[in-house]
Amino acid sequence: MELQYWIWIAVGLSFSLYIGIAIWSRAASTKEFYVAGGGVHPIANGMATAADWMSAASFISMAGIISFGGYDGSVFLMGWTGGYVLLALLLAPYLRKFGKFTVPDFIGDRYYSNTARSVAVFCALIVSFTYIAGQMRGVGVVFSRYLEVDIVTGVLIGMGIVLFYAVLGGMKGITYTQVAQYCVLIFAFMVPAVFISFLVTGNVIPQIGFGSSGADGVYLLDKLDGLHRELGFHEYTSGSKSLFDVFCITMALMVGTAGLPHVIVRFFTVKKVSDARKSAGWALLFIAILYTTAPAIAVFSRTNLIETVSNQPYENMPDWFDKWETTGLLGFDDKNQDGLIQYTASPVTNELTVDADIMVLANPEIAQLPNWVIALLAAGALAAALSTAAGLLLVISSAVSHDLLKKIVMPKISERGELIAARVAATGAVCLAGYFGINPPGFVAATVALAFGLAASSFFPAILLGIFSKRINKEGAISGMLVGVSLMLFYMLKFKFGWFGGGTKADWWFGISPEGFGTIAMVANFVVTLAVSNRTPAPDLEVQKLVENIRKP
Amino acid sequence: MEKNIYWKKNIKYITILLTLWFIVSFGCGILFVNELNAIQIGGFKLGFWFAQQGAIFGFVAIIFAYIYLMNRLDKTLNN
């Protein structure tokens with residue numbers, strides 16, 4: 001059957017599934033809208049969290065980034081999984097016990113201050129908006145690449161679907177669609193991976209195939225290191241970044257993960273404290289399936305690519321090469337006019353440009369898998385992008401309707417009024433996200449690092465100290481968050497956007513990249529919070545009792 | 001069991017598990033990656049394996065260990 005039909009079938013079926021779930025799980029109360037009624041099973045919540053967490057970037061781009069970075073790519077693998085340990089041990093159970101709806105809820109109540117609440121709302125909004133624009137863009141790109149509609153139409157279709165189930169069902173609709181989306185995306189990611197692992201190494205488990213040898217009896221990783229040396233790249237299994245920078249980036253990504261409001265809020269949806277711990281465990285297990293497969297795919301496709309193209313005549317390239325060349329993801333420029341493809345580390349002699357996304361997207365074709373696998377991949381990428389977008393959407397809408405409207409501006413608003421406000425806010429947020437998806441601001445890529453850095457330097461210390469110390473007061477927490485966030489913003493604006501005099505790699509403080517600076521800003525937040533709290537009065541008894549109470553299971 | 005003991009035990013578990021968390025990722029995957037890379041198991045250099053596979057498996061095991069320990073501790077609190 002034609003590829004296009006397969007794709008329409010896969011996308012159509014998965015979308016009707018999401019819509020069906022949305023109709024079945026309409027939200028009738030604010031509790032259902034914000035936290036799905038608070039009775040989600042821990043395994044279901046684990047799946048929903050995994051889908052919530054794994055975005056278009058995890059699904060499409062990560063394996064490719066690792067493929068080109070080798071060891072350097074480990075920062076994403078460790079950074080985007082290690083945060084769940086922090087969540088499960090330090091945050092999730094206590095926030096569940098606290099038992100309200102949002103992250104600013106906790107900050108506002110624990111630090112008995114609407115100023116603290118507003119700072120938290122501000123951070124939640126910035127973090128979520130930077131993220132969601134990228135997701136809508138991802139939806140548009142997948143549509144345009146696979147279904148041959150233009151990006152605008154693709155974004156509009158995506159907006160329509162998310163709007164439907166997020167506005168109708170709130171967290172309840174989002175949770176159960178995310179469960180379905182996890183199943184779609186993990187199946188779509190694993191099928192080609194298993195096929196390719198079997199083709200290359202004879203082992204169907206990619207995690208093992210990754211460390212096995214190919215048909216020639218040489219271990220894949222050793223072969224790849226050798227190929228890299230020959231072509232002048234740094235060795236695949238050793239990095240090019242400084243050790244300290246790798247350390248800082250990994251830490252910033254881990255702590256940022258644990259501080260992202262759309263991830264934290266998922267743990268408010270389970271029934272009890274022990275379920276919050278359990279669902280963090282399940283979530284990481286479900287995430288680990290994809291995250292341990294991605295580096296294997298990276299190695300298979302990197303080896304495949306080099307062996308297929310390096311010093312081979314352009315004429316003899318397989319079909320997929322031509323096809324992806326027309327999309328602009330592959331580019332060949334025969335600089336020395338010898339008809340052969342020279343793929344090297346030096347920009348002077350290199351003749352091949354490869355977009356990182358191709359490593360996942362072209363995989364089925366490179367391995368000559370049937371058309372339905374490619375269709376599955378399209379549905380999987382859409383599931384990944386839509387599920388993350390929906391989770392972010394909910395954070396934005398609850399920050400507006402609950403934290404701003406109900407808690408600060410109009411405390412007397414009725415339950416019904418708040419629910420309407422939440423739906424209006426969700427609609428507004430979808431439209432804004434769609435606008436950014438269609439007209440992406442040039443800084444989207446740069447701001448993803450900002451989202452993690454901001455979450456790490458604002459929420460994490462405030463929540464952590466709020467739970468583990470009774471002495472920390474509002475003065476400390478507010479000044480800590482403000483210092484952390486400002487420092488992070490300053491560094492990003494200076495080195496990513498050229499403000500405050502700009503600067504190059506040589507000017508980085510202690511050689512830390514803007515991606516890793518969240519770690520430093522977080523440390524600054526901790527120091528300021530502790531120092532200020534020590535010099536100002538302790539919080540009153542009521543707050544200390546609140547802390548006592550959240551520590552009991 | 002008393003609340004204070006419960007909380008102290010919890011802190012003890014957290015400290016031990018976070019130490020493990022640090023060792024499998026920052027220790028084996030970053031700080032001592034070159035030393036461990038001298039050891040090769042199958043097709044993997046050990047340090048590289050920790051950075052791209054082992055740390056993640058370790059994280060999963062750490063969380064499930066915490067779930068087990070805390071469920072056990074919760075029971076003693078109720079009795």
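A:Tyr112 lies in the loop that joins α6 (103–110) to α7 of chain A. The model in which this residue is seen is a predicted one.

- The phi angle of A:Tyr112 is near 35°, which is a positive value in a residue other than glycine.
- The loop between α13 (273–309) and α14 (319–326) of chain A holds A:Asn311.
- Because 13 other C-beta atoms lie within 10 Å of A:Asn311, this residue is partly exposed.

**The helix pair α7 and α8 of chain A**

- Helix α7 (residues 114–147) and helix α8 (residues 151–201) of chain A have axes that come within 7 Å and cross at roughly 120°.
- The crossing of α7(A) and α8(A) is right-handed.
- On the side of α7(A), the contact is made by A:Met136, A:Val139, A:Gly140, A:Val141, A:Phe143 and A:Ser144.
- On the side of α8(A), the residues of the contact include A:Ile151, A:Thr153, A:Gly154 and A:Val155, and A:Ile157, A:Gly158 and A:Met159 also take part.
- By class, the residues of this contact comprise 8 nonpolar, 5 polar and no charged.

**The contact between chain A and chain B**

- Chain A gives 37 residues to the contact, and chain B gives 32 residues.
- At least two residues of the side of chain A that touches chain B come from each of α5 (74–98), α10 (220–231), α11 (243–259) and α13 of chain A.
- Helix α13(A) supplies the largest share of that side, namely 11 residues.
- The side of chain A that touches chain B consists of 20 nonpolar, 12 polar and 5 charged residues.

**Confidence of the prediction**

- The average pLDDT of chain A is 87, and 98% of the residues score at least 70.
- Among the elements of chain A, helix α21 (residues 517–535) has the highest mean pLDDT (94), whereas helix α16 (residues 363–366) has the lowest (78).
- Where pLDDT is low, predicted coordinates should not be read in detail.

Definitions and conventions. Residues numbered from 1 in each chain as written. Chains lettered and ligands numbered in written order. Predicted model: local features only at pLDDT ≥ 70, side-chain atom pairs only at ≥ 80, totals over all residues. pLDDT = per-residue confidence, 0-100. Helix = DSSP H or I, 4+ residues; strand = E, 2+ residues; numbered from the N terminus. Axes fitted to C-alpha atoms, helices over the stretch in contact; angles between N-to-C directions. Left-handed = near helix turned anticlockwise from the far one by under 90°. Contact = placed C-beta atoms within 7 Å. Nonpolar A, V, L, I, M, F, W, Y, C, P; charged D, E, K, R; others polar. Buried ≥ 20, exposed ≤ 12 C-beta atoms within 10 Å, placed from the backbone.
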